[in-house]
Amino acid sequence: MNAYHDFRLFYNQNIHPELLHLEQRRRRLVRLLSLSALMVAGTVAFQIYIDIFALTLLLLIPVALWISYLVFRVRVFFQEFKPRVIGLLLDFIDNDVNFSFEGYHPKGFISKKNFLESRIFTTADDFEGEDLIRGQVRETPFEVSELRVREFSPARNKLDYVFRGIFLIGDYKRWDLHGGVLVLPDAYRKYMSRSERAFHLLGGRRVQDNLLPEFEAFFDTYATPDIRVKDVISTDMQRVILEFRQQFQQVNRNKEIYFSIIGDKIYLALTQDKDLLEPSLFASNTNFETIVEFYQDLRLLLEVVLDVDVMN
């Protein structure tokens with residue numbers, strides 16, 4: 001509750017004023033679009049009424065230029081909104097001595113190669129992302145970004161989502177670790193059969209020792225013979241993941257977390273059932289719930305990495 005209170009205070013003092021400024025820009029843009037629509041409609045009606053082809057061609061040039069300008073203004077609004085909010089969120093998290101940030105790249109994202117090296121997912125026919133954040137959790141470097149990954153459907157001529165959400169890679173430099181651990185949501189077992197089979201080829205087998213019964217009820221854990229699960233997955237980490245899972249289950253949200261530890265790297269994948277921090281043009285964006293959800297999702301992933309760093 002103290003962390004929530006601190007964030008609420010930071011939101012009121014720093015994020016909310018920025019959102020109000022962006023809201024004023026949005027309203028001015030909507031008024032400009034509405035006025036422009038009336039002007040274009042009047043121009044079209046005038047052209048139809050006079051029915052002079054040469055004049056129609058002449059008026060088409062300024063109308064096209066004005067529409068291009070409006071499209072540019074809308075694009076700038078969408079491009080600037082999310083980076084401004086995320087920058088403020090990172091400033092708040094950076095106040096914690098355990099976390100530091102080295103850069104934020106709105107157009108960047110984790111590579112397809114690194115995504116597949118997690119062993120959580122096995123295919124990525126269509127791969128795109130945004131909002132790459134780099135930093136450190138104590139001594140552990142990490143990078144995290146939003147990803148949208150799809151594959152060709154074997155039964156239909158379309159692309160199906162493999163993963164849509166936040167993906168994190170942490171490098172905690174345990175040179176003595178070999179093999180790996182893979183943790184998948186039990187509810188998604190039938191969709192993750194390829195990942196399970198691929199991990200079996202590496203020697204991975206289902207394990208249940210040293211896991212909380214409630215964790216075992218919701219997650220399937222696999223490990224290679226050269227890994228002791230208790231050395232890489234603590235009870236505190238299991239409780240953090242379970243508490244977070246309970247939060248979004250209570251509000252009927254379709255979100256799940258996957259993670260793996262392969263060699264000296266930890267991979268975390270948190271699915272999203274809606275776009276977070278994506279602004280709306282025709283509705284207010286001053287929404288505390290959306291801001292705090294993105295913050296909590298990012299904070300969860302960083303705290304899991306922190307727990308791994310403490311153990312090592």
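Buried means under 20% relative accessible area, exposed over 50%, and partly exposed in between (1.4 Å probe, protein chains only). The model is predicted, so local features need pLDDT of at least 70 and side-chain atom pairs pLDDT 80 or more, while totals for chains, interfaces and linings use all residues. Residues are numbered from 1 along each chain as its sequence is written, and side-chain values use heavy atoms, without hydrogens and water.

Q: Why is glutamate 293 called buried?
A: Glutamate 293 has a relative accessible area of 11%, and the limit for buried is under 20%. Therefore glutamate 293 counts as buried.

Q: Which residues does glutamate 293 touch, not counting residues up to four places away in sequence?
A: Glutamate 293 touches Arg253, Lys255, Gln272, Lys274 and Leu276. Contact means heavy atoms within 4.5 Å.

Q: What makes strand S5 (residues 180-185) largely enclosed by the rest of the structure?
A: Six of the six residues of S5 are buried, so the strand is largely enclosed. Gly180, Leu182 and Leu184 are buried on one side, and Val181, Val183 and Pro185 on the other.

Q: How do you know that S5 and strand S8 (residues 257-262) pair?
A: Two strands pair if DSSP finds at least two bridges between them. S5 and S8 have four bridges, in the antiparallel sense. Therefore they count as paired.

Notes. Helix = DSSP H or I, 4+ residues; strand = E, 2+ residues; numbered from the N terminus.
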